[in-house]
Amino acid sequence: MKIRNAFVNITSPGRNFVTLKIETDEGIYGLGDGTLNGRELAVASYLSDHLIPCLIGRDPFQTEDIWQYLYRGAYWRRGPVTMASIAAVDVALWDIKGKALNTPVYNLLGGRSRQGVMVYAHANGKDITHAIEDVERHRQLGYRAIRVQSGFSGNKSTYGVPKATGRYEPAERGLPSEYDWATEPYLRHVPKLFERVRDHFGEDLHLLHDCHHRLTPIEAAGLGKELEPYHLFWIEDPVPAEFEEGYRIIREHTTTPIATGEVFNSIWDAHDLIRNQWIDYIRMTIVHGGGITHLKKVADFAALYHVRTGFHGATDLSPVTMAAALHFNTAINNFGIQEHMPHSEETDAVFSHNYTFKDGYMFPGDAPGLGVDLDENLAAQYPYQRAYLPINRKLDGTLADW
Ligand code: CS2
Ligand code: MG
């Protein structure tokens, strides 16, 4: 079998997605996700202008050699654009391999290690009362793990809470929106939020919270300590993680579990975090982390240090990535939890898939390969529209992390 052709599809059914389709000379094709929120066209160009010419004529079964060729052969290694592009190729090749061998991808990664993949949902509200109502709504849907974010006085907006009612979609069309941010009212608010949520729902529900990179290590340490009575499943991205050792300070002060890594794209972004056990869950995901081939190496390294996976699963990762993540999570031993932010109906119509949700768990399905497809005609009805993630500024105008 040889790679005969490959091309990039950019579509925007409610939000932008970049998909790579690789075709073989035996009529089998595979799909890979290359979506990088706010920088989609950079990945599309990296694929079309630089990677696809190197793929034609290769054996699609050679996932390891092709991954090494694209990673080492670029000379300029790592980075979100490079690794999302390599991921798109890698996932498409695993899809082809599963289809050619007539087996679901999880069977190529060690086979089924669990019956279902536990997922967590996003609950939010403009205040604690509305957030509790949304937690209850998701609990009724069957989720056993729920991330809780709520608005609070002192900030006009915050991460995870939509400006108006309806779906929370962080990417906004047009130029980046700018929001105000003050940490102090947030730090006063979050312990009150989880005291109320725990009081209302008791201890059985897994509760998670995303700090979204906005704290200093000592602020995160204090928040983690104040949240200990509420037994969170994790606090996420407490601190921007370029400086990995900042997490040592958090670890020295609190036993609240920590998750980070959704903005990571290489094992080298998390090497110290993992080997020092400064985190409990690694969130680097298949689309941004170089694909299945690389994430398998990351997960196996993390397993040595009791670190489990907690893959990012927001709507800016396409159903192709959700399918790949569910196959991956079904097979590995050190699975932790999978984020599940359901896509819109438009997106699900463009990307048909075999994965399903039931009683707080998701299942990849048993179709050969990843079990996901792309309706190119329907995709063409949703042309790309540039969109950006917001910017945060402190009340005095200082640029801060969003
Ligand atoms: C968030 C993401 O889901 C999460 O944990 O951090 O929604 C993140 O804001 C977006 O993926 C950014 O594109
Ligand atoms: Mg996050």
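Which residues line the second largest cavity? The legends below, drawn from a predicted model, take up this question together with the metal site, a sheet, a loop contact and several salt bridges.

**View 1. The second largest cavity and its lining.** The residues that line the second largest cavity are His312, Gly313, Ala314, Leu317, Ser318, Thr321, Met322 and His343. By class, this lining divides into three nonpolar and five polar residues, with no charged residue among them. The space inside the second largest cavity comes to about 30 Å³, and a search of the whole structure finds two cavities of 30 Å³ or more.

**View 2. The largest cavity and the elements around it.** About 70 Å³ of space lies in the largest cavity, which is lined by 14 residues. Of these, Gln149, Thr158, Tyr159, Tyr186 and Asp210 lie nearest the centre of the cavity. Strand S5 (145–150), helix H5 (183–201) and strand S8 are the elements that give two or more residues to the lining, and the largest share, three residues, comes from helix H5. Sorted by class, the lining of the largest cavity has six nonpolar, six polar and two charged residues.

**View 3. The magnesium ion (ligand 2) and its protein donors.** Asp210 (OD), Glu236 (OE) and Glu262 (OE) coordinate the magnesium ion, at 1.9 to 2.2 Å, and along the chain these donors follow the spacing D-x25-E-x25-E. Asp210 belongs to strand S8 (residues 206–210), whereas Glu262 lies in the loop between strand S10 (258–260) and helix H8 (271–275), so the pair ties together parts that are 52 residues apart in sequence. Asp210 is buried, with a relative accessible area of 2%, and Glu262, at 11% relative accessibility, also counts as buried, because the cut-off for that class is a value under 20%. Asp210, a donor to the magnesium ion, is also one of the residues that lie nearest the centre of the largest cavity.

View 4. In the structure as a whole, the count comes to 22 salt bridges.

**View 5. A salt bridge between two loops, Asp366 with Arg112.** The side chains of Asp366 and Arg112 meet in a salt bridge, with a distance of 3.6 Å from N to O. Asp366 lies in the loop between strand S15 (361–363) and helix H12 (376–379), while Arg112 lies in the loop between helix H3 and strand S4 (117–125), so the pair ties together parts that are 254 residues apart in sequence. Arg112 is partly exposed, with a relative accessible area of 38%.

**View 6. An open sheet of three strands.** The strands of this sheet stand in the order S7-S17-S18, and their pairing is mixed. Strand S7 (178–181) and strand S18 (399–400) are at the edges, each with a single partner strand, so one side of each is left without a neighbour in the sheet. Strand S17 (residues 391–394) and strand S18 run antiparallel and are joined by two bridges, and Arg393 stands opposite Leu399 in S18.

**View 7. Gly79 and Asn265, apart in sequence and 6.3 Å apart in space.** Gly79 lies in the loop between helix H2 (63–72) and helix H3 (80–100), and at 22% relative accessibility Gly79 counts as partly exposed. Although 186 residues separate Gly79 from Asn265 in sequence, the two are 6.3 Å apart in space, C-alpha to C-alpha.

How values were computed: Residues are numbered from 1 along each chain as its sequence is written. Chains are lettered from A and ligands numbered from 1 in the order in which they are written. This is a predicted model: local features need pLDDT of at least 70, side-chain atom pairs count only at pLDDT 80 or more; totals for chains, interfaces and linings use all residues. Side-chain values use heavy atoms; hydrogens and water are left out. Donors are N, O and S atoms within 2.8 Å of the metal (3.2 Å for Na, K and Ca); water is not among the atoms, so sites may look incomplete. Helices (H or I, at least four residues) and strands (E, at least two) are DSSP runs, numbered from the N terminus. Buried means under 20% relative accessible area, exposed over 50%, partly exposed in between (1.4 Å probe, protein chains only). Two strands pair if DSSP finds at least two bridges between them. On a 1 Å grid over the protein atoms alone, a cavity is a set of points where a 1.4 Å probe fits but cannot get out, and a pocket is an open set with protein on both sides within 12 Å along at least five of seven lines; lining residues have an atom within 4 Å of a point. Grid points are joined across faces, edges and corners, and a volume is the space filled by probe spheres set on the points. Ala, Val, Leu, Ile, Met, Phe, Trp, Tyr, Cys and Pro count as nonpolar, Asp, Glu, Lys and Arg as charged, and the others, Gly among them, as polar. A salt bridge is a side-chain nitrogen of Lys or Arg within 4 Å of a carboxyl oxygen of Asp or Glu.
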